[in-house]
Amino acid sequence: MTRHNVPTADMIRRWRGDVVAFAQEACWVRRPDSGEIGPLTLQPHQRTWLATATKCDRSGGLKHRVAVASWPKREGKSLCVALIVAHRLVTREGERIGVLANSERQAASNIFDHVAALFRHSPALSAFVSEEDIQARRLTVRALDNVLECYPCNQRTVQGIGFTCLAS
């Protein structure tokens with residue numbers, strides 16, 4: 001990291017093509033066993049899923065338009081989805097990301113909370129936001145014109161919104 005924990009342009013370019021490197025180098029989490037905050041350590045199944053879910057085709061678009069994290073409880077499904085969302089928020093511009101669930105509160109209490117915690121705890125990610133950029137159901141990375149918002153999953157609330165990424 002550089003002087004104020006701001007990632008360099010070279011780091012962001014490298015991370016854009018490698019979500020696993022981004023997760024392991026830029027993301028800090030609270031450890032469930034000790035409560036201490038420190039660098040994220042991915043498990044092998046998480047590294048494999050992240051690499052597969054974000055694999056690009058020859059034209060640079062995502063090879064898979066839908067990625068499902070499906071393994072037993074407490075194995076990091078929500079964290080992996082949150083890592084992809086955080087990755088897009090700091091390596092792309094003009095992102096409009098929606099977190100959908102049965103209710104706004106449920107959307108905020110799962111993936112969104114993971115993303116917000118990543119931005120609060122990670123020195124590299126916190127350089128992109130201020131406390132006012134992290135609201136109850138909305139996170140903004142102003143410098144890149146990126147927004148993450150929570151929505152209840154029904155036609156009336158999401159109709160007409162042009163999302164670049166959806167998480168559920």
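Is Tyr151 buried or exposed, and what is its relative accessible area?

Modeller: Tyr151 is buried, with a relative accessible area of 12%; buried means under 20%, exposed over 50% and partly exposed in between, with a 1.4 Å probe and protein chains only. The model is predicted: local features need pLDDT of at least 70 and side-chain atom pairs count only at pLDDT 80 or more, whereas totals for chains, interfaces and linings use all residues. Residues are numbered from 1 along each chain as its sequence is written, and side-chain values use heavy atoms, leaving out hydrogens and water.

Helices (H or I, at least four residues) and strands (E, at least two) are DSSP runs, numbered from the N terminus. Phe163 is partly exposed, at a relative accessible area of 22%.

The setting of β5 is an open sheet of four strands, ordered β4-β5-β3-β6, with mixed pairing; two strands pair if DSSP finds at least two bridges between them. β4 and β6 are the edge strands, each pairing on one side only. On average, neighbouring strands of the sheet are turned by 20° against each other, direction ignored. β4 and β5 are antiparallel and share four bridges, and Arg138 has Glu149 in β5 as its bridge partner. Helix α4 packs on this sheet, where it touches β3 (96-101), β4, β5 and β6, and its direction makes about 140° with that of β5. (Contact means heavy atoms within 4.5 Å; axes are lines fitted to C-alpha atoms, for helices over the stretch in contact, and angles run from 0 to 180 degrees between N-to-C directions.)

The loop between β4 (138-141) and β5 contains Asp145. Asp145 is not a glycine, yet has a positive phi of about 55°. Its relative accessible area is 46%, so Asp145 is partly exposed.

In α3 (residues 44-53), the buried residues are Gln46, Trp49, Leu50 and Ala53. Viewed down the axis, they fall within an arc of 100° and so line one face of the helix, the arc being that of the directions from the helix axis to the C-beta atoms. Pro44 and Thr48 are exposed on the other side of α3. Gln46 has a relative accessible area of 5%, and a polar atom of its side chain lies 2.8 Å from the backbone nitrogen of Gln43.

For the chain as a whole, there are seven helices and six strands, and 42% of the 168 residues are buried. Of the contacts between residues at least 6 apart in sequence, 62% join residues at least 24 apart.

Note on methods: Polar contact = N/O pair within 3.5 Å; in protein donor to acceptor, adjacent residues only side chain to side chain.
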